[in-house]
Amino acid sequence: MDNRFIVIVLGIAMLFGFGFSAAMMDPMVAVPYHFNKMVSENSLFLGFPNKNIRIDISVGLKMRNVNQLENYLKAVSTPGSPMYMKFLNKTEFMSEYAPTNFEIMEVKSYFDSYGVNVQIGPYNLALFMNNVPLYKAEEMFHTTFGLYYTSLKGFNHFYYAPEGQIYLPSSISAYISGISGLTNEYKYGFDLHIIKSFINSSGTQILTGGDLEKAYQTYMLFNGSANGSPSTTHYFPTKYTVATILWEGVNSNGQQVAPFNPSDVVNYYQQTVPSWIQNIVGSTPNVTGDPVNGAVQPNPNASQDTTESNIESTLDLEMVTTLAPGVKAVEVYGPGNSSGPSETNFPDEEFAAASKLSNLVAVSNSWGGGDVQGDNVTQNYVYEMEATGTTVMAAAGDDGDTSQQSYPANDATNTGGFLAVGGLTVTLNGNSGSYSGIGVPVTNPILNQVVWYANGQTQNNGDTVGTTSGTSTAYPMPSWQDIPAVVNNGGSTSGRDVADISAIGNNTYIYLTNESQSLFSGGSPWMPLGGTSVASPVTAGIIAEIVAYTGHEFGFINPLLYKIGPNESKYSLKPFWDVTQTPSGYHAGQTQYDAKPGWDYPTGWGSINAYNFSLDVEQLLGGSGSTPSPSPTPTTYNVTFSENGLPSGTTWSITFNGKTESSTTASISYTGVANGTYSYTVGSVSGYTANPSSGSITVNGNNVNQNIQFTANPSPTPSPTPTKSTILSDVNSSSISTYPLPESEEFIVSSNSPANFITLYLNGSGTITFSIGTNLWSSDILGNTSVIVIPGQSWYNVSINNINLLAGTDYYLNVYLVSGNVEWGYTATPSQNSFNYVQDYYYIFNIIWNDNATPNIYTIGYAQHETSSMPINTTSTGVFAMVNSSEIYTYQLPASQGFTVSQNVFINYISLYLSGYGIVEISIGTSPFSSNILSNITLVVSSNQTWYNIQIPKTYLTSGNSYYINVVSLNGNVLWGYTGQPSSNSFNYLSDYYYINGYQTFDNSYPFIFSVGFS
């Protein structure tokens, strides 16, 4: 035998870390990870890094219904689309597009097996592993890390990264969109420049947020008047949130310090926001920090920072809170070091944390790196934010001579991404010497705006400080930017052009109590500075105020800007201040980058006139454009839910406006609720039915009380029970045509009824899934059920687990294409016996439409199980499968225990031995880790309890079939009990399934402790 072949085989075995029998069971496949190919092609291999270096790893999960999501994101951000501005709420997004609990737990269990701390990100979009040593990452990803050098601009010159591809088991790779954090090649910095010397007597204006309120006309929106005159009606964003993304600082000893001192922001706000505004929204700004991954809370030790993080953080928050008084400003930040963020997966965890903030209307990013593509985890969260109404923006960058763009400002696609904000030098009319802006006129406030370019100030690379502009090589030109107004005005079609919009980027005051830094302004806490990192939070504040005034959130706002920009003449007021002046020498004298009328590279469409823009949006959406549509800024009230009917001490819960609260008392209260309409859902309580179980509450100037009546469920027969087989909803015809998927058919039922089958007319071949929900495309009533469609067969009758349908409720039968080419039948001439259909929903050119002229062909019904058709040996009570022992050990999740039943039986409880604390999901399926018999049941595990008796819906099991109890961890640390010595009374168990080093293993030597029965 050729010895070279032996070496190759052994090398492969060592690379993948398992034997051939295991490889055949679950082979390793290459998965993508965040790494820039241009860097690897321009790097020198130096050897190997210290394998004890710690890194932070993000695992991106693939979203469900990706094509549908892309269509939705495009429709919701495109003016003129029927779906424009019809944003999802967080629950709807998770229901439609988030990875399933099963998928993320499958991936999590693999990484859990390596002993690392794995955290599930919001909405199941990612997994996070912090402080992982390189040697452990090599084991998990079956790779080796190398040490490299590159001279490329915008990256760390010395960096480590995997030597080649990374590998994961094929069983989980299908759920993964990519990995980030495996390299420290990316270099991020602030878009900030301290003005160390200026001559005020020369006429240079140093402006504050009070001046900018008038400059950009948010001041006019506060009172809802064209001249800013006093009013009894006010519009402040008190119910909205703006987030800024950054990292903390370090002191001269390299120790972590806070990114900002909250008292600095308070001082700035109190001295720059006019007193009449403070009398309405309060004299203390609503400012908080949200640290991730071990970063420290905001506190006065921020003054010890030596990295400028304190300056940047303070600037961001002071701009946001003065341009949008009353807004909640949250800085989300991770740990930092002397050269930037210390997390190798920055900004993944920061965007994940920001995505959880309620009423989030804008996210500002005042940092940047090279012209690279962002990683899939941050993209997942940007898409989630924009699907739910949040506008995400980034500073364009502060290199006025380069054409190399800066991530994340370069990141924009047809359907989502970042708003790129350029920088300007601004001169105002009037006297800007007062911090509160009192000397600036409300009307005609701006004397001049010029492209920001600071002749005489240079970067470390020799380029002049100024706003960055040009064309990205990492992202292609988006469709909304590929328009004559851009291309014919000098824009390039070779990539995404920067900027989109602009705002002040020079000569701005902040308030900062840092002795070493305040020396730049003569020992005063007032520091002058510049940078596009001023422009980004200023624009975020402007957008928050426009949302407060119009009542419209904007999400991905770029297509709107490029819709309004070329058509200013159609609107009653000009939405932008066009900037046409360029300082001498900008962009090394390349005139194609100069400012000009209309869109241009450095300023985009110019700066936003908040008042005019707001009225133009009203006009675009069909209003008059002369008066605002929303209600005035609300006072807040209390919403209280009171229950009757539960035994004293019973735990019950309410989810109100996305926030869940539980109690063992008779009431649950939510405080600080503004005027508006909010949805609520009553949590399930075993053995009881709530009335109402869900609904909406309108707060309109008063506290609200809502009573919830709990009624004990009848026993033993559930209600309702039909007396015979019934058709509950039906569309039929002898004239049937077919249409491509996805589609949805709306229906109602005339009486409360269970359903257990659905019939569809389908043509073609492939696989589809269908679901039923109470909202369009949701699956909250019936999860996705797969159907294999074969050529030559049209009618498909699919049995489902019993679902209860309520009279008068609108339901939606949704059908999606998974693979192949399948179409759903529809008709323009329904049969006379067709009934209970409302509207059908379908796509034309990726835009959703609805009507009832051509309903889809389907039937929903209930087939009564007659006694004569049931097996004669059905058993009604008893314990039917059990493993017990006096010797119990515990094992990590996920795990699955197989069992059979000796007779046809009904079951309604499962008993488990669990230790630890956290939340698990339990289901029963006909194969390991499936949930086709019993859907997932959630259980809270307490550290002081081990035995859990879980009541489940009445479920029918057939003699001789194999069933599997599946237990999956959602959070915390929960273990399932097992034994090597089952008690003699244990019976009807098969084999158990568990994970070792990420591989599913099965045997029956150590069955898990459980029992299944009916009482």
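Helices (H or I, at least four residues) and strands (E, at least two) are DSSP runs, numbered from the N terminus. Keep that handy for every view below. This is a predicted model, where local features need pLDDT of at least 70, side-chain atom pairs count only at pLDDT 80 or more, and totals for chains, interfaces and linings use all residues. Residue numbers start from 1 along each chain as its sequence is written, and side-chain values use heavy atoms, with hydrogens and water left out.

**View 1. Thr-955 sits in strand E56, which covers residues 947-957.** Is Thr-955 buried or exposed? With a relative accessible area of 7%, Thr-955 is buried (buried means under 20% relative accessible area, exposed over 50%, and partly exposed in between, using a 1.4 Å probe and protein chains only). Set aside residues up to four places away in sequence, and Thr-955 touches Val-905, Phe-906, Ile-907, Ile-933 and Leu-934. Contact here means heavy atoms within 4.5 Å.

**View 2. Trp-276 belongs to helix H12, residues 275-281.** Trp-276 has 25% relative accessibility, so the label for this residue is partly exposed. Leaving out neighbours within four places in sequence, Trp-276 is in contact with Tyr-219, Phe-222, Asn-223, His-234 and Phe-236. Take Tyr-219: 57 residues separate Tyr-219 from Trp-276 in sequence, and their C-alpha atoms are 12 Å apart in space. The side chains of these two, Trp-276 and Tyr-219, are joined by a polar contact of 3.2 Å. (A polar contact is a pair of N or O atoms within 3.5 Å; within protein, one must be able to donate a hydrogen and the other to accept it, and residues adjacent in sequence count only if both atoms are side-chain atoms.)

**View 3. Helix H15 runs over residues 376-387.** From first C-alpha to last, the 12 residues of H15 reach 16 Å, close to the 16 Å expected at 1.5 Å a residue. That expected span is 1.5 Å times one less than the number of residues in the helix. How many residues of H15 are buried? The count is 11 of the 12, so H15 is largely enclosed by the rest of the structure. Among them are Val-377, Tyr-381, Tyr-383 and Met-385. At the start of the helix, a side-chain oxygen of Asp-375 comes to within 2.8 Å of the backbone nitrogen of Val-377. Just after H15, Gly-389 has a positive phi of about 105°.

**View 4. Four strands make an open sheet in the order E36-E33-E40-E38.** The pairing in this sheet is mixed, and two strands pair if DSSP finds at least two bridges between them. Strands E36 (667-673) and E38 (688-691) stand at the edges with a single partner strand each, so one side of each has no neighbour in the sheet. E33 (residues 637-644) and E36 run antiparallel, joined by five bridges. Look for Thr-640, which stands opposite Ser-669 in E36.

**View 5. Strands E6 (residues 145-150) and E7 pair up in the antiparallel sense.** Five bridges link E6 and E7. Strand E7 covers residues 158-162, and four of its five residues are buried, so E7 is largely enclosed by the rest of the structure.
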